[in-house]
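Welcome! Here is a short tour of two interfaces, written for someone meeting this structure for the first time.

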Amino acid sequence: MSHKFSRRKFLRNSILGTGAMTLGFPALNVNAKEHKIRVGVVTSLSGANRFGGNLTRRGYDLWAEEINKLGGIEIEGERYPVEMFYGDAQSRPASGADAAERLIIQDEVDVLFGPYTSGVTLAVQPISQKYRVPMISGSAESPNVWLAKPAFNFGMIPAVDLTTDKSMMVLAENLGDRAKTASVIGVDEPFSKETAEGFRKGVEESGLDLLSYELFPAGSDLSAIVSKLKSENPDIVAIGGHEDIFINFVSTAKALNYKPKAMIMHYGVTSAAFIKETGTDSNGILGVSVWTEGLPYKDELFGTASDYSDLSFSRWGTRPDYTEAACSASGLVLQDAARRLGKAPPWDQGTRAELAKAIEDTDIETFYGPVGFAKEGNHFHNNTKPVPVVIQIKNGDVVPVAPENASKGELVYPIPGTS
Amino acid sequence: MSSAYHKAESSEYPPLAIESVSKHFGGITAVDDVSLSADVSEVVGVIGPNGSGKSTLFSLAAGGQKPDAGKIRLQGIDVTGWPTWKIARTGISRTFQIPSLFLNMSVRDNLLAAAVEGDWKRARERMESTLEMLEISHVIDNLTSELSGGQQKLVEFGRVCVRDPKVILLDEVTAGVHPNIRQIILDAIQQLRKTGITFLVIEHDMEMVKEICDRLVVMDQGKVVAEGDFETIASDSNVQQAYLGRT
Amino acid sequence: MASKPDLTPKLIVRSLLIGAMVIALVALPAAIDPYTLRIATGALMWAGLACAWNIVGGYAGYISFGHSAFFGIGAYTTAILMQSDVGASFFVTLLPAIILSMAVAVAIGGPTMRLRGAYFAIATWAFAEMLLQLVTVLDFTGGTSGLSLPAYLNEFFFYYTMLIASAASFIGVWVLIERSRFGFRIKALRDDEPAAESLGIRTNLVKVQSFALSAAITALFGSIYAYWTTYIDPYSVMGPEITDQMVVMVLLGGLGTVWGPALGGVLLWITNRYIWSTFGDTVIYLPILGVIIALVVLFLPNGLISLIMGRQRGKELISRILGKL
Amino acid sequence: MDLFLQTLVNGILIGGILICLTIGFQLTFGVLHVIDFAVGGWTMLGGYTAYWLVTLAGIDPFISIFLVFALFLLIGRGLGPLIYHVRTSRYARPDLMALAFTFGIFLFMRGGALWLWSYNSRSVESVLSGQFLSLGPVTIPLMRLSAFVMALLFSLGLFILLYRSRFGMAVRALAQNHDHAGLMGVDVKRVSAWVYGIYTALTASAGVLIATVYSVNPSVGIRYTLFAFFVAVLAGLGSVGGVLVAGLALGLLEAYVATYIGARYSLLIVFGTLYLTLLVAPKGVLGRGI
Amino acid sequence: MSNELRVDNLVTGYGKQEIVHDITASALPGHITCIFGPNGSGKSTVIKAIAGLLPAWSGRITLGDTELTGLPVHNMVRKGIVMMPQGGGVFPRFTVMENLRMGGYALNNRDITEDRIESLIADYPNLQRRRNTPAGSLSGGEQMMVAIARALVTDPAFVMLDEPSAGLSPALVHETMQRVVSLKERGVGVIMVEQNIREALPVADSVYIFAGGKRKFAGTQDDIRDDNHLMSIYMGGT
């Protein structure tokens, strides 16, 4: 459905727009205003973060499709269908701001769903603030996003500094005496760096011996890093980065005959690309995830976490990761807040401010887990409730291994074949 | 005219004095202990076969090259080793053997660019009168790259004139030009010398040399081999050797 | 130049046109919505940046691939000074931004501009990459996490600020380069450096002056940009794409002309945003741009402006294309 | 000490990759006097060709490298006359116009690749991927080793072509003086076009190796262009022999900085060195022409 | 003579600058044809135009019945015309042998090239000894010898020399002229542009004097009475 939609928009704009060139085609976007809730998605549909950006879109779209199957969001007994609008941030902060303003001005959206990356989110926040359009971010994990206390922005995923250190501590506790030392590396870019810093904090707090902490530029040759780790030979290697780096690290380490006893990464370990590219070499690799399909959460729209996973798989052909899940859950937050607000769309500025208040008061259970936003502190408006799960790849499957209440299998340590 | 002469005569130093100047490139001596001085309003021809060091001498005088030995004086000021732009500002102006026009600029702009370090208030006026003198006012707005070879030579000549210099060095300024254009240049030189400008010209066109030069300096293999008026030179055995080769 | 232009009909038409354009530009915000105004603001910025690059690239003849460094210096100076621990107001930050960028330009301009042609291009690129890497490893620049600025969300303010900055840049360049001595010096240096020297022009000084001027304007736009977008990181204000855009805009509009960069900058930016809002992606814009550059080099080395302003250039172009076939 | 030795090996092997990348580039500069901005673009396209050949046809990169070589030889040969035309045109500054022209080509390649294949990185699998050789405390990744060997073979092949063939003699003559070579009967235009073809073929083949050692995505080109410039500048633009030394020097610099100073600073130091090298010795630290 | 090399009404120059205005001249195989004239007279420009290094703006260049006008430079050697640019035009980074092999490039036959080189180099003991020395490190005179030997590898009908004596010492100038005579003895037509008239005139079979891009004199050495006559042609024009 979303495909058809975008193609139709594409055709319409390209046919009508060719003549009009640029200025003054807002007129084209005037849609018949039935009582719909207009939702704008600002995310990286192109550019360096295109991959992740499209994951967020899938998550948002899946919710929109599901809720529209029921006729839309229910407010005061009436159903209001959801219409989605997209703005491509091109993985650039300034384009994200352009996109947000376009969605708000030209498409007159009532609410925004947020970008994939933290940088773009930081550039879009002031726009949402200016027009008083609430923005729910299903991605964006940098703690920086919440430092400025954005009144209209809400984050579904706990910032990395809340998750990576905890997961490291969980891991250390689980390993007990078996692990004494750890080294942390990370790509020198916002999310990856903060992930690495979180890991470092976790290492220090859990009493492990930190052998080294090193950041490196994206795209560098990893042979130096791997050789150094090999000579230090820590019990745990923690890596902050995206799947590209993990793939590169695993293959470089293999070529240099190095296999750490335990390797923990964060985002991207669970991605299909990582498991496919690394093959059997992914076996035993640990990851941190704020959500997996095995968790015991559920809600009315999507059912259980596992139901959600099946639904997403049948819709997109791949299993969802926690970003997709968080994005879909963003819709649930909107649904709940709109219901509590109890006012029919379209919403004017004042109403949208009330909606933001309603979102701030969110306290719900979803397939993604509990959602509630901090109302003060450094994680203002960040959903700090989810508890990170340590997972391990076993023969291509993602198996939660810690903490105990979520565990579905034994944590294998050291990884067989360790050097 | 007399006032111009008077003004020039009041200066006690020659406008240009080259004193025992030498220049080596690698193992080759391009200019070998050359001395030469030119008086106010004098036109000195520098002739000699290819590679005799004439153009190098010009570069040494105008600052494009630094001499290894010797001194260059302009109006009595020792300018040896000064940067080119600074020497140029003391009143020496030259053309190049290889055309060096500002090809992406109009004729007007070429001349104005030449006048830029001088009396800027009168620059436009001077530019216009120079173009008139050289009879190229009609191409004032053309890009110099669009001009014919002869017109380009005129622009280059005009560029050195417009600066109001005291000494002008012309390096083969009439090479390959139409006789009409050559005549324009000759007339201009005659006219300008009357205002007290000193000329040094490298020239292969002997008719022209004969016509305008007060004095000739013949160079061969970096040295001055003869000096004097045209008739003296033409029958000088050193000169014949320089031109016709030695046996 | 001490001359009064005659009031020819051509001049009257031109003055009327310019007057109309000024009125249109000033009145524009009243006529369009904030989003379109944002695009217009961007177009003004890129026109101004192209104008800045053109000083060095077009007039002095030094193809710089390092101008993103100055954009970044401007953006970072403003961003750092506006952090809450310093708390300077926006306009106060402009002066240090400009001074710092000029100081850097003067410091590196001397040695770097001894290099010619492609060597200069590579050296400036290396310098920009070096600065980019430096910004990512330093703490006070926020490293790769970037910096957020206090948000001031008045679209009129930014439109008029850009308009003033851009207009000042163009008028400045026009006055300085087309109407004063400096322009003759810089163009003479571009076309033939030894000849310029022999005419008394102090080329080394002129080179550095033009580099510093270009850097200052670039930094000015960097400063405004930072305040406008409210968030900057190393790649968004120092990435090579910023320089690339400037180069392409000038090349397309017309190297070494006053209005070419304006044409190139506005046209390309609007095209970019149009493709983006229509197709949702500007990737296709890149290969098209590449082909256009190659074609411009082959057939229209004086840029699009030569089609409008050139006297016989149009004919020349056609004959050149026909000559190729 | 073990780490020191391993770093030495790492540096040498990175150097091998850089040599591959730059050797053809030097040839075009030496002969055509063109600084080709698109050098990273050819690398990237070579990598993608190998990716598609292994993905769609199952051809191992060690075989497809020859196909890539042949394909890009023809592509470059086709484009060569245009480059020659721009470089020898009567524009005001043909060297800069040539730079701008190749910049356009590069943008076209990068944009085209992004459009067709998007931003994802693709790894090229070879039989040697992940294999290694242990020599005492030092581990040598076989894929990198073979890239290094390939770099040496390319260089050797190029040297044989240049110094042992009639065509090579013409190329070397051309590098010294276009007019004089023409007077000896060398068809300058044609030979120049073939030189461009050889350059693109060598560079695209280097791309195959690079994609197999690392991975390939449309944006890698810029970095490789800069690295090629670096090695070329260090070697002295146009010096083919100097590339061997300069490539190794840069590889070692990168490896030792990453290991002993911090990987975070490696690019800063690399670009800083490049900048300073250009200021101090614009004509290169090593070598002279072909 | 069917194998005469002719230029008829040639007009050419550099860039936009017309240097040669309507010159007609010819040269015979087995003869030494000398072109004299002051700088800028167009003498070098003419032979560059014959060699294809400069385009003929108008006029014709022919070798016997073969039209040479407009042929690219690399075809000339295959038509039997070799030009030696000023200074010899040897490749400085090539060894002596490589330079000679380059002379045979157009033959495209390794064996013939090597045979010819061996027979040629026998006449040049200096070069024999320095076969593997880079030409750039040879003296000017030796470079000239390399250039002359190299010009002969293809067994051309005409060799054009642009100021072979430039920059050489008097003794070497003399030796060079003897080499030129030996070319003639091989039956090669020589066209020589020269400054050193005194050395060149005695070996010339026919003489042209150009000045200002025009032909001022054509004849044989006997037509030139004495130095003063020559100087007057040179300096005054006739």
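The text below looks first at a contact inside one chain and then at a contact between two chains.

Please keep in mind that this is a predicted model.

**Inside chain B**

Let us start with how chain B is divided. Its domain assignment gives domain 1, made of 12-89 + 166-175 + 197-247, and domain 2, made of 92-164. The C-alpha centres of these two domains of chain B are 24 Å apart. Where they touch, domain 1 of chain B contributes 20 residues and domain 2 of chain B contributes 13 residues.

On the domain 1 side of chain B, the elements giving two or more residues to this contact are helix H2 (54-62), helix H3 (84-89) and strand E7 (167-171). Sorted by class, that side has 14 nonpolar, 2 polar and 4 charged residues.

What links the two domains of chain B through charged side chains? The rule finds 1 salt bridge across their interface. The side chains of B:Glu117 and B:Arg89 meet in a salt bridge, with an N to O distance of 3.4 Å. Between domain 1 and domain 2 of chain B there are also 10 residue pairs in polar contact, counted with both residues at pLDDT 80 or more.

**Between chains D and C**

Now for the second contact, which takes 43 residues from chain D and 45 residues from chain C. Here too the count is 1 salt bridge between chain D and chain C. C:Glu241 forms a salt bridge with D:Arg110, and their closest N and O atoms are 3.6 Å apart. Across this interface of chain D and chain C, 3 residue pairs are in polar contact, both residues being at pLDDT 80 or more.

Which helices of chain D each supply at least two residues of the side that touches chain C? They are helix H3 (61-87), helix H4 (94-117), helix H9 (220-235) and helix H11 (266-280) of chain D. H4(D) gives the most to that side, with 15 residues. By class, the side of chain D that touches chain C holds 31 nonpolar, 6 polar and 6 charged residues.

**The buried areas**

The size of an interface is often given as the accessible area lost when the parts come together. The table lists this value for both contacts.

| Interface | Buried area | Share from carbon and sulfur atoms |
|---|---|---|
| Domain 1 of chain B and domain 2 of chain B | about 1500 Å² | 54% |
| Chain D and chain C | about 4000 Å² | 80% |

How values were computed
Residues numbered from 1 in each chain as written. Chains lettered and ligands numbered in written order. Predicted model: local features only at pLDDT ≥ 70, side-chain atom pairs only at ≥ 80, totals over all residues. Heavy atoms only, no water. Domains from an automatic or database assignment. Contact = heavy atoms within 4.5 Å. Buried area = accessible area lost by both parts, 1.4 Å probe. Salt bridge = Lys/Arg side-chain N within 4 Å of Asp/Glu carboxyl O. Polar contact = N/O pair within 3.5 Å; in protein donor to acceptor, adjacent residues only side chain to side chain. Helix = DSSP H or I, 4+ residues; strand = E, 2+ residues; numbered from the N terminus. Nonpolar A, V, L, I, M, F, W, Y, C, P; charged D, E, K, R; others polar.
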